[in-house]
Amino acid sequence: MENIILSLLILKEMTIYQIRAYIQQKLSTVCSDSLGSIQAALKKLLDRGDITVSEYTENNILKKRYCITAKGVAHYKAWLGTPINVGKMKTMEEGKFFFLGMAPAEKRIAFLRQYIDDLKAEYRKLCEIKRLTDENQTAVIQKSTQMICGDGAAVDHLKEVSGENDPEKVIGNLYAYQMYLLAHGLKGVQSDIDFYEEILEKELEG
């Protein structure tokens, strides 16, 4: 979670609610959007000196805005350069499936049906994201470019992390990899649906 937050703060200063909204909209399949998880991660980053926090008033409401530090940029750059840890991509829920054979047949069938329904709902959600993304690709890239290139600190952060002098090129690369992950997610969910439907069919056949 800490590195996800640093990824967002590289691009702009944000409040905890802006961070949460971004995760809900675009990263719900990757990490939790619970305020508790985000608050805990922000505390770790503050204690480590990777971010700072400042207060401001908006509509008579006191708010806190988080900003990445030079130390945070260096930490993030180091993390970004390490290979993906395959072990960390596994979940404890897979352990539940590993032992599911001990449950009564009706429980196994109910589990499989519910999980398949949840996977199909996730697939529909990702399809909708892809549809909206495909329809608005040019506008999204232009808006992101204008927002980031209009912020000197964000441009400096991108140059430091990427080693590129052209921030627009980095934004294009960033967008491309987000689309790769979306395509991967769609393929993965469809594969899971096929896998669990096959098991359910075997269960129903007895």
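Axes here are lines fitted to C-alpha atoms, for helices over the stretch in contact, and angles run from 0 to 180 degrees between N-to-C directions. With that convention, the axes of H1 and helix H3 (residues 35-48) come within 9 Å and cross at roughly 75°. H1 and H3 are therefore roughly perpendicular to each other; angles of 65 to 115 degrees count as roughly perpendicular, under 35 as roughly parallel, over 145 as roughly antiparallel and the rest as oblique.

The structure is a predicted model, in which local features need pLDDT of at least 70 and side-chain atom pairs count only at pLDDT 80 or more, while totals for chains, interfaces and linings use all residues. Residues are numbered from 1 along each chain as its sequence is written, and side-chain values use heavy atoms, with hydrogens and water left out.

**Overall layout**

The protein chain has nine helices and two strands. Helices (H or I, at least four residues) and strands (E, at least two) are DSSP runs, numbered from the N terminus. Along the sequence the elements follow the pattern α-α-α-β-β-α-α-α-α-α-α. The C-alpha trace spans about 65 × 40 × 35 Å along its principal axes.

Of the 206 residues in the protein chain, 26% are buried. Buried means under 20% relative accessible area, exposed over 50%, and partly exposed in between (1.4 Å probe, protein chains only). The protein chain exposes about 13,700 Å², and carbon and sulfur atoms supply 55% of that area. These areas come from the Shrake-Rupley method with a 1.4 Å probe, and for residues only the protein chains shown count as cover.

Contact means heavy atoms within 4.5 Å. Among the contacts in the protein chain with a separation of 6 or more, 60% come from residues 24 or more positions apart.

On the H1 side the contact is made by Glu-2, Ile-5 and Leu-6, and on the H3 side by Ile-38, Ala-41, Leu-42, Lys-44, Leu-45 and Arg-48. The residues of this contact of H1 with H3 divide into six nonpolar, no polar and three charged. In this grouping Ala, Val, Leu, Ile, Met, Phe, Trp, Tyr, Cys and Pro count as nonpolar, Asp, Glu, Lys and Arg as charged, and the others, Gly among them, as polar.

A second pair is helix H8 (residues 152-162) and H9, with axes that come within 10 Å and cross at roughly 70°. That makes H8 roughly perpendicular to H9. Val-155, Leu-158, Lys-159 and Ser-162 in H8 meet Pro-167, Val-170 and Ile-171 in H9. The contact of H8 with H9 consists of five nonpolar residues, one polar and one charged.

**Salt bridges**

Side chains of opposite charge can pair when their charged atoms come close. A salt bridge is a side-chain nitrogen of Lys or Arg within 4 Å of a carboxyl oxygen of Asp or Glu. Twelve salt bridges are found in the whole structure.

| Salt bridge | N to O distance |
|---|---|
| Glu-13 and Arg-65 | 3.4 Å |
| Lys-120 and Glu-197 | 3.0 Å |
| Glu-198 and Lys-202 | 3.9 Å |

Glu-13 and Arg-65 form a salt bridge. Glu-13 lies in the loop between helix H1 (2-11) and helix H2 (16-26) and Arg-65 in strand E2 (residues 61-68), so the pair ties together parts that are 52 residues apart in sequence. Glu-13 is partly exposed at 38% relative accessibility, and Arg-65 is partly exposed at 29%.

Lys-120 and Glu-197 form another salt bridge. This pair links distant parts of the chain, with Lys-120 in helix H6 (residues 105-135) and Glu-197 in helix H9 (residues 167-205), 77 residues apart. Lys-120 is partly exposed at 33% relative accessibility, and Glu-197 is partly exposed at 31%.

Glu-198 and Lys-202 are four residues apart in helix H9, so about one helical turn separates them. Glu-198 is partly exposed, with a relative accessible area of 45%, whereas Lys-202 is exposed, at 53%. Elsewhere, salt bridges that share partners join Glu-128, Arg-131 and Glu-135 into one network.

**The loop between the strands**

Most residues other than glycine have a negative phi, and most peptide bonds are trans. Asn-59, which is not a glycine, has a positive phi of about 55°. Asn-59 sits in the loop between strand E1 (51-58) and E2 and is exposed, with a relative accessible area of 68%. Asn-60 also has a positive phi, near 65°. Asn-60 is in the loop between E1 and E2 and is exposed, with a relative accessible area of 79%.
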